[in-house]
Amino acid sequence: MKNIKRIGYLIVVGLAALLIIAATGGNDLPMILSFGVGTILALIGIALAIWETKTDKPMFYSYGKNWFGGYLNNSAFILGIAVGFFATKVVYGLTALGIIATIYAIIIVALKNKRSEAM
């Protein structure tokens, strides 16, 4: 159930990023720059997902008193934001969301299974 919530949160954040971009008239960054930032964020999100899974962090583990509600940050949030940078066209954003969600699901399920076998 925990994995489904994480993947669902990634999809919700990714769709929200796509909706915001569509509502504001699209991504005005040059494609190469936008894809570069998206790739960097995706790599950071994947590395963070591996760390979160290996250390068994709860879904929303980062919290700060002065963040004014900005504590809903984790690897799924970062990957969802990365989707927005891949959305130079709507079809690119939806494709990126599908690919990133699949990779994310594989990472968290594979590492959870590996971790439970080791115990």
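The model is predicted. The protein chain has four helices and zero strands, and its elements run α-α-α-α from the N terminus on. Among the 119 residues of the protein chain, 34% are buried.

**Overall contacts**

- Of the contacts in the protein chain with a separation of 6 or more, 79% are between residues 24 or more positions apart.

**Packing of α2 and α3**

- Helix α2 spans residues 31-54 and helix α3 spans residues 75-86.
- The two helices, α2 and α3, pack at an angle of about 165°, and their axes are 8 Å apart.
- That angle makes α2 roughly antiparallel to α3, because angles over 145 degrees count as roughly antiparallel.
- The crossing of α2 past α3 is left-handed.
- By class, the contact of α2 with α3 has 13 nonpolar, five polar and one charged residues.
- On the α2 side, the contact residues are S34, F35, V37, G38, T39, L41, A42, G45, I46, L48, A49 and E52.
- On the α3 side, they are S75, I78, L79, I81, A82, F85 and F86.

**Aromatic pairs**

- Two aromatic pairs are present in the structure.
- One of them joins F35 and F86 in an edge-to-face arrangement, with 5.6 Å centre to centre and 75° between the planes.
- F35 is in helix α2 and F86 is in helix α3, so this pair ties together parts that are 51 residues apart in sequence.
- F35 and Y92 also pair: their ring centres are 6.0 Å apart and their planes are at 75°, so this pair is edge-to-face.
- F35, F86 and Y92 together form one aromatic cluster.

**Accessibility of the cluster residues**

- F86 has 13% relative accessibility and therefore counts as buried, because the cut-off for buried is under 20%.
- F35, at 28% relative accessibility, counts as partly exposed.
- Y92, at 33% relative accessibility, also counts as partly exposed.

**Where the two topics meet**

- F35 in α2 and F86 in α3 are both among the residues of the helix contact, and F35 and F86 also form an aromatic pair.

Definitions and conventions. Residues are numbered from 1 along each chain as its sequence is written. This is a predicted model: local features need pLDDT of at least 70, side-chain atom pairs count only at pLDDT 80 or more; totals for chains, interfaces and linings use all residues. Side-chain values use heavy atoms; hydrogens and water are left out. Axes are lines fitted to C-alpha atoms, for helices over the stretch in contact, and angles run from 0 to 180 degrees between N-to-C directions. Angles under 35 degrees count as roughly parallel, over 145 as roughly antiparallel, 65 to 115 as roughly perpendicular and the rest as oblique. A crossing is left-handed if the near helix is turned anticlockwise from the far one by less than a right angle, and right-handed if clockwise. Contact means heavy atoms within 4.5 Å. Ala, Val, Leu, Ile, Met, Phe, Trp, Tyr, Cys and Pro count as nonpolar, Asp, Glu, Lys and Arg as charged, and the others, Gly among them, as polar. Rings of Phe, Tyr and Trp (its six-membered ring) pair if their centres lie within 6.5 Å; planes under 30 degrees apart count as stacked, over 60 as edge-to-face and the rest as tilted. Buried means under 20% relative accessible area, exposed over 50%, partly exposed in between (1.4 Å probe, protein chains only).
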